[in-house]
Amino acid sequence: MSNFLTELKRRNVIRMAGLYLVGAWLLVQIAETLLPIFHTPGWVLQALVVLLALGLLPALVFSWVFELTPEGLKHEREVDRSQSISGHTARKLDLALTVLLLGVGAMLLWQMFGTRDAAAPATSLATAPDASAPAAVDSQNVTDKSIAVLPFADFSAGGDQGWFADGLAEEILNALARTPDLLVSARTSSFRYKGSELAIPQIAKELGVAHVLEGSVRSTPQRIRVTAQLIRAADGFHLWSQTYDRDVADMIEIQEDLARQIAVAMQTSMDPAALSAMAEVGTRSVEAYQAYIRGVAKGLTLDAADFNEAYRYFEQARTVDPNFAAAHARAADFWLTQLDPTTVLSNLTPETPERIAQLFSERIDLAIAHAANAIDGVGYRAQKARRDLHLREAIELARALLAERPGDSDAIELLLATATQASDRELATAVLDDIWPQALVRQELAFSHVNYAHRNLDLSNAADQAQELLQRWPDQPAILYQIHRALLWDRRVEAAAAVLARWQSLRGNDEAWISIPPARQACAEGRRADAEAILAQTPDGDISQRWHLLMLLGRTREAAELLQPLERDGNTFALAGFLVYPQFDPAPFPSLLRILEREKVQRPPPVPLPFACPPAEAKQ
């Protein structure tokens, strides 16, 4: 055996093995860093690893069989040992191995520290601009401190880490949205580009942002690799990039560090301590974090089954770590949604309203008690005030939240909804006017704007702005739904018909709220029988949709009777959800009237629908 090892050393087989393995590792690291920049499919790297693994044995056999001589390569048995230069070759191999090991050290140092100490955008991994890319984003509509976070790609071998890729991107987006002077395009806008082949400058132009963050995830049960690049939209130039190759136990630090690094690269005004607070996940438990991220990923759709599964993950996360405020808050939001029949994802549980209210209160109180920072606590308290129908308190808390996080679309939505419930049209109009420039480039704010604009009864202006949004967002069903309604409120029946046709071409027949727009259009065109047929096909348990249809048909008494079970069950919060509709009359509901009196709300009389169906013909 000793003779065999001696011969391996003499023929430099051991040195060749070390040189090959170190070189292969270094090549894989470089490929993992560079391939995502060019959007290379995951199988390319997998094929490279397989080829390098298969090449090891032939390289060792070659080293055993052949020897380098002054006359070139010769078969080992043809070489006179007295003339052998294997010792000289060994010294060259040692030198080559030393150089490669230095390269490995440099690569490890770069991965560990990268651009962490950069106070301004760096130019690591810079790439040449794409000559085929569209023109730069219109500077009149874009602030330089604006960013869209695209869904991260899943390059894992099994393609089964999409939950982590989506959840990580969503949480980075949420962290960046906490930065006061950074405009962040929300998920509803940026996540529709998942898997898109569009060039980054084109995506940025459509989203109205100056920068785009894209990334990828590769994960095994033991290791996780996350690569992210910050790209300047004007020319596709990579301003900053970072690769993390860590143990799975480090995934929390990866998310937090990514958010901090991006905020630094965007040259925000936040100091280091504030950046760290902004980026905090809220738990140090990897098990709780993984469950939470799975819930976040599942909650990205409006699918009822996914929404239920997301809730189960949030419950798991908050059980594993009882101090995890964000998990408590997400779980609380599930129950708040169940209390409000005007939301698409309500009515998913058999629990009574009293039990639902209790489950919400338990979770939101825990979120408040364990809030990672004071401003998070303000947001949680605003949700609790909204549930308790303390409208004035909810408004003030939402305003305080927006003062710290001006781009928080959830806070804007909360403020608009609560101001409308409180009949504070002055405040709602001020909010709408303030967000209008952003609504032109941010889908979620466009939705909020057109949703509430017509409710303030500035009908012509709302319809004009709806037409502008139609040019900006012609293929987004949620916005088209609101545009159609705004146009009908201003009696633009023909224009609304075109929007309805577009909306129907983008929607499936089995989706929620599929009945209301065609019924509105039918009534506006005088086709009462068609609206009656739609009502007949609507399930009895769909309270909100049936209420809208009854109001369209002028059957207001039946509409009020439909909501009486909410009054009898003490579910005043559900009734308050209807306050955002100008045609709603709270008079038949004493519990709601008491809330309005307590909150000093001077609600104007209900507004007749300008697109209601003509009266039914009297029977002879």
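**Briefing: ring pairs, a disulfide and a helix contact**

Tyr 292 and Phe 314 are both buried. The model described here is predicted. A search of the whole structure finds 15 aromatic pairs and one disulfide.

**Aromatic pairs**

- The rings of Tyr 292 and Phe 314 form a tilted pair, 5.6 Å centre to centre, with 55 degrees between the planes.
- Tyr 292 belongs to helix 10 (residues 286-298) and Phe 314 to helix 11 (residues 304-320), so this pair ties together parts that are 22 residues apart in sequence.
- Trp 547 and Tyr 581 also form a tilted aromatic pair, at 5.7 Å centre to centre and 35 degrees between the planes.
- Because Trp 547 lies in helix 24 (residues 543-552) and Tyr 581 in the loop between helix 26 (572-576) and helix 27, the pair ties together parts that are 34 residues apart in sequence.

**Disulfide**

- Cys 523 is joined to Cys 613 by a disulfide with an S to S distance of 1.8 Å.
- Cys 523 lies in helix 22 (residues 516-524) and Cys 613 in the segment after helix 27 (590-598), so the bond ties together parts that are 90 residues apart in sequence.
- The torsion about the S-S bond is about -75 degrees, so the disulfide is left-handed.
- Both Cys 523 and Cys 613 are buried.

**Helix contact**

- Helix 16 (residues 409-421) packs with helix 18 (residues 443-453) at an angle of about 5 degrees, their axes 10 Å apart; the two helices are therefore roughly parallel to each other.
- The contact of helix 16 with helix 18 has five nonpolar, four polar and two charged residues.

How values were computed. Residues are numbered from 1 along each chain as its sequence is written. This is a predicted model: local features need pLDDT of at least 70, side-chain atom pairs count only at pLDDT 80 or more; totals for chains, interfaces and linings use all residues. Side-chain values use heavy atoms; hydrogens and water are left out. Axes are lines fitted to C-alpha atoms, for helices over the stretch in contact, and angles run from 0 to 180 degrees between N-to-C directions. Helices (H or I, at least four residues) and strands (E, at least two) are DSSP runs, numbered from the N terminus. Angles under 35 degrees count as roughly parallel, over 145 as roughly antiparallel, 65 to 115 as roughly perpendicular and the rest as oblique. Ala, Val, Leu, Ile, Met, Phe, Trp, Tyr, Cys and Pro count as nonpolar, Asp, Glu, Lys and Arg as charged, and the others, Gly among them, as polar. A disulfide is a pair of cysteine sulfur atoms within 2.5 Å. Buried means under 20% relative accessible area, exposed over 50%, partly exposed in between (1.4 Å probe, protein chains only). Rings of Phe, Tyr and Trp (its six-membered ring) pair if their centres lie within 6.5 Å; planes under 30 degrees apart count as stacked, over 60 as edge-to-face and the rest as tilted.
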